[in-house]
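Morning, everyone. I have one structure to walk through today.

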Amino acid sequence: MSRMFRLIKNEFIKTVRKTSTIIALALVILLAIGLVVVAKIAQVQSERYNFDFGTVEDDISYYQSMIDDAEAHKESDPAYKQNIEMYQFLIDNKITDDWEYEAIADAFSTNTEEVTAEDGSVSYQVSYVYSDEQRDKVKSFVVAKDWKGYYNFLIDKFKAEGADPNTYWEYQYRVDNGVAPPAGHDDITNWKNQCIFSVSSAKQQLASLGADADESDTAQLKDEIAVNMYRLNNNCEVNVADSVNYMETGELNFWTVLSISVNLLTIVGLLMILIAGSSISSEFSDGTIKFLLINPVKRWKILMSKYFNVIFIGYIMMFVFFLVVTTLSCILFGTSQLGAEYITSMNGEVQTTSGILLILRNYLLGSVSIVVMATLAFAISSVTKSSALAICVSVFSLLSGAGIVAVLKEALNQDWARFFIFANMDLAAVANGTTGFAHHTIGFAVAVIVVHMIVFLLTAWDGFTKKEV
Amino acid sequence: MSNAALIISGLNKTLGKKHILHDISFEAYEGEVFGFLGPNGAGKTTTIKIIVGLLRLDEGEIEVGGFDIKKNYEKAMANIGGIVENPELYKYMTGRQNLMQYARMREGVTAERIDEVVKLVGLSNRIDEKVGKYSLGMRQRLGVAQAILHHPKVLILDEPTNGLDPAGIKELRDILKSLAHNEGICVLVSSHLMSEMELMCDRVGIIANGSMIGVYTVAEMISASKTGTDEYIYETDSSEKASALMAGYNFTITDETHIDVEFPEENASQAMAELNEKLILAGVKLYSVSPKEKKKLEDVFIELTQSGGAQIE
């Protein structure tokens, strides 16, 4: 065993003393730094746009323009008086926040009735939806900035109308939990408000679908509610799942960077293939193979030490990449989100995983295809002594294998494509059932991978131990 | 003779369709420098590559230090050190780092042993430089250091003097001789130059066209080159006049002024003095008498290998 360890140490020293390895490692570090820095720049830019909303003065001048507009169209708008009254109230009380504006807008909303006189002439009867008493109440809530009072008033109103509790859930929740509605524009993007909006909108959709709605339509809404309620109840500011799905959610934070870094593992994989493809063939091209094989060590042991070293170096590079990305993200994005969870829901049941564990799991799953392709490069290099061929074939396979399978499956509808190694290397996709093949199980994928690895390694062994130097 | 360190018997090798080695058998002993001699393409390197495990052994047996190379590969190889073809080591590492690589692959090589062999091959001052900067001679020395690192019983060097300058060749020769004669190592050296073998080796095995022609001691080879006579070149003013006085001698007139004369080996000087006196007394102007070069070992070697039918296939 210690002999094997010494052989691997030899291979390790040979690899790290090569300038090409140092350059590869430097590229990995540069890639990691580049990713985090670009993400930070993008975040700073998007934040700057968020601050570009209007001021109180902008709102006031908008209200004034609406008053001018109403006066200009006195003839065509029968409710112009009520409108002017409303905007005047908004100006007088300098109302800009959302709930206050909405409350006033509701309080002053009107019904217009068409009245036909006996002589046939048509006139319009304008009346408020709210009673005068109700309107005064709302006005006083707004002036007192008493959102609780206003929401209680609304809840009572909905209850009196016998409305579905789902429709006024937001008011009930805010009152029960003392969560104030957004004040000022920044608060809209506050995570709690976002969660409440999501739940509220999902609940309202559920209510509109009715009780006898199709199971498949409601399942997604129920999952959305479950996830957001979990966040509200457990005070989870960040859901790592939103960062992982950054393409859909537009979320850009610490966890987005980490989950993008998983996708960039392919580039680290290319460098690993480079090392795997030249591990054996460089000994031949440098002429050093003769001095290597003249030693009192069986050839399969030398081959094994080379293979272990390639795998070891590959994982070191991936680990360095992960470490640099994580450390730099902690520095640039702060460590406050480190403890965040990956929150999803299946059939209304919430599942959570620690974010760091999820990213590590994705790194491990992502490393599978890289290791398989590095093994292929190793085998080709062992048989042909040509690093160029080994690297080309493996890189091509790594980059286009999934595409080839997709063409076979989607365009040509060939189900046997599932036996291809490329259809099985993305274990995360197999686990999530997104490979496109029916009944594609993890067990099947692992079996295909293991069979391929055995074939590759036997090929490498056959090529290396029988080679006449 | 002492113990056989390397025993080769019935070695056959086919590469593709070509039958390259035919029944090669020989033994090399501890404490001797064994020369493996043959023209280019005779099968020297192939034989050596089979011994050190670079080529597969198709047929035959090889025993190194008492271990069969097929049955006990690692133990047999632990008794072999060698350089095959060019001394190509890892150029991006220093000499010492290279030796450390080989030390880790063998048993019982300490840091002190590395210093010792480096000193032995005379590389102490340059050992911590990158091998990429070494001259061929220095790389050859490092190759030798690598080969003897683990105290092998058999040291195999394939054309070790290729590309070395005369001083380098002499130093290498001295190192190899001292390893064999002082440390009891069996040194096997291949070459296509008989003159080199003569200076270095105790015994010479000759191979031609894939077959062993024979194994000879260097003394045997030298006596094979003797013909029993010594030949001298006589330069006089007239070959005609001189030859008239040479009745009873075995001579050949080469041109008007030069005659080759043969004397029996046992009393050549005496016979020559008598002839000289005779010529001078007869008034022949004798300008010079010089020994004609002997038939060389090289010629013996060529004769031997050609009798084996050294045609290039």
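Start in chain A, at one pair of residues. A:Thr116 stands opposite A:Val122, and that valine sits in strand β2(A). Keep in mind that this is a predicted model.

Now widen the view. Strand β1 of chain A covers residues 110-116. Strand β2 of chain A covers residues 122-128. The two pair in the antiparallel sense, over 7 bridges.

What do β1(A) and β2(A) form? A hairpin, with 5 residues between the strands. Look at the turn. A:Gly120 is there, and its phi is positive, about 95°.

Next, the place where the two chains meet. Chain A brings 29 residues to the contact, and chain B brings 32. Together the chains bury about 3,000 Å². Of that area, 51% is on carbon and sulfur atoms.

What about polar links? Between chain A and chain B, 18 residue pairs are in polar contact, counting pairs with both residues at pLDDT 80 or more. There are also 5 salt bridges between the two chains. One of them joins A:Lys301 to B:Glu74. Their closest N and O atoms are 2.9 Å apart.

Which helices of chain A supply at least two residues each to the side that touches chain B? They are α1 (2-17), α15 (281-286), α16 (289-293) and α17 (299-333). The largest share comes from α1(A), with 8 residues.

Last, the make-up of that side of chain A. It divides into 15 charged residues, 10 nonpolar and 4 polar.

That's my tour. Over to you.

Note on methods:
Residues are numbered from 1 along each chain as its sequence is written. Chains are lettered from A and ligands numbered from 1 in the order in which they are written. This is a predicted model: local features need pLDDT of at least 70, side-chain atom pairs count only at pLDDT 80 or more; totals for chains, interfaces and linings use all residues. Side-chain values use heavy atoms; hydrogens and water are left out. Two strands pair if DSSP finds at least two bridges between them. Helices (H or I, at least four residues) and strands (E, at least two) are DSSP runs, numbered from the N terminus. Contact means heavy atoms within 4.5 Å. Buried area is the accessible area (1.4 Å probe) that two parts lose on being put together, summed over both. A salt bridge is a side-chain nitrogen of Lys or Arg within 4 Å of a carboxyl oxygen of Asp or Glu. A polar contact is a pair of N or O atoms within 3.5 Å; within protein, one must be able to donate a hydrogen and the other to accept it, and residues adjacent in sequence count only if both atoms are side-chain atoms. Ala, Val, Leu, Ile, Met, Phe, Trp, Tyr, Cys and Pro count as nonpolar, Asp, Glu, Lys and Arg as charged, and the others, Gly among them, as polar.
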